[in-house]
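Please keep the sequence and the 3D view at hand while reading.

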Amino acid sequence: MTNDTHRVITPSILYFGTPVVLLSTENEDGSCNLAPISSAWALGRHIVLGLGSDSHTAHNLAQRPELVISVASPELWERVERLGPLTGASPVPEAKRAVYRYEPDKFGAAGFTPVPSDLVTPPRVGECGLQLEARVRAMNPGGGGAFFGVECEVLRVHADERVVVPGTQHIDPARWSPLIYNFRHYHGLTPELGHGFRSETAALTRPGPISVDRVPSAVTPL
């Protein structure tokens with residue numbers, strides 16, 4: 001017989017270890033907004049994003065559906081956190097004024113480098129090892145109007161050459177690691193435990209994660 005050590009709790013959040021991505025979107029005046037989120041997941045060539053319905057990013061995407069999803073890595077956490085209290089909305093919505101402040105240049109405020117995209121207007125984040133150019137295909141309201149589930153089709157993937165298995169179109173999971181948001185704390189991945197039965201890189205990957213905290217000298221569209 002097993003002793004049950006669990007108890008019922010009511011946590012204020014449910015970020016149980018999710019990746020951090022940076023969303024580049026176009027503002028009404030043609031400038032760029034940059035926002036971190038930790039609700040993103042992939043289905044094939046589509047990424048689903050969870051956005052608050054009152055967010056400036058959601059407003060931008062409803063009007064201009066192009067974006068870049070730049071996937072942050074662990075060494076970027078401090079710069080990601082600099083974006084946390086910033087908003088691109090002016091004036092700042094009343095509900096956010098106690099915590100957030102308006103910042104028109106989020107790239108500069110966080111120390112990130114904008115890099116031109118190939119197929120969409122918003123720029124990529126140069127320091128991120130994976131950058132996905134995308135277009136919104138649907139914005140589905142949920143939570144009684146509190147959020148949108150935003151379905152995005154990925155149009156082009158840019159990967160730092162150092163995290164691609166040479167001679168392939170595969171990301172090397174031994175050398176690439178996403179930044180993880182775990183109950184509002186930042187983490188990286190622990191060493192690999194094993195691989196799934198459908199893995200295409202099990203015999204190709206090499207040990208040793210690397211830092212991709214730089215503007216890539218070359219990018220590889222996959």
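## Terms and basis

A residue is called buried when its relative accessible area is under 20%, exposed when it is over 50%, and partly exposed in between (1.4 Å probe, protein chains only). The model is predicted: local features need pLDDT of at least 70, side-chain atom pairs count only at pLDDT 80 or more, and totals for chains, interfaces and linings use all residues. Residues are numbered from 1 along each chain as its sequence is written, and side-chain values use heavy atoms, with hydrogens and water left out.

Helices (H or I, at least four residues) and strands (E, at least two) are DSSP runs, numbered from the N terminus.

## Salt bridges

A salt bridge is a side-chain nitrogen of Lys or Arg within 4 Å of a carboxyl oxygen of Asp or Glu. The whole structure holds 5 of them. In one, E66 and R135 meet at 2.8 Å, N to O. This pair links distant parts of the chain, with E66 in strand 6 and R135 in strand 11, 69 residues apart. E66 counts as buried at 16% relative accessibility, while R135 counts as partly exposed at 27%.

R137 and E153 form another salt bridge, their closest N and O atoms being 2.7 Å apart. R137 belongs to strand 11 and E153 to strand 12, so the pair ties together parts that are 16 residues apart in sequence. R137 is partly exposed, with a relative accessible area of 46%, and E153 is partly exposed at 26%. The side chains of E103 and R101 also meet in a salt bridge, at 3.5 Å, N to O. Here E103 is buried at 16% and R101 is partly exposed at 48%.

## Nonpolar cores

A nonpolar core is a set of buried Ala, Val, Leu, Ile, Met, Phe, Trp, Tyr and Cys residues joined through side-chain atoms within 4.5 Å. The largest one has 24 residues, and L23, L49, L67 and I69 have the most contacts inside it. Elements giving two or more residues to this core include strand 2 (21-26), helix 1 (56-63) and strand 6 (66-71). Strand 12 supplies the largest share, 5 residues. Apart from this core lies another, of 16 residues, among them L34, L86, F107 and C128.

V125 is in strand 10 (residues 124-125) and is buried, with a relative accessible area of 0%. Contact means heavy atoms within 4.5 Å. Not counting residues up to four places away in sequence, V125 touches L22, S24, L34, S70, F107, F112, T113 and Q131.

## Strand 2 and its partners

Two strands pair if DSSP finds at least two bridges between them. Strand 2 runs antiparallel to strand 3 (residues 32-37), joined by 6 bridges; T25 has N33 as its bridge partner there. The hairpin of these two strands has 5 residues between them, and G30 takes a positive phi near 90°. Strand 2 is also antiparallel to strand 6, with 4 bridges, and S24 stands opposite V68.

## Surface

F183 sits in the loop between strand 13 (180-182) and strand 14 (185-187) and is partly exposed, with a relative accessible area of 39%.
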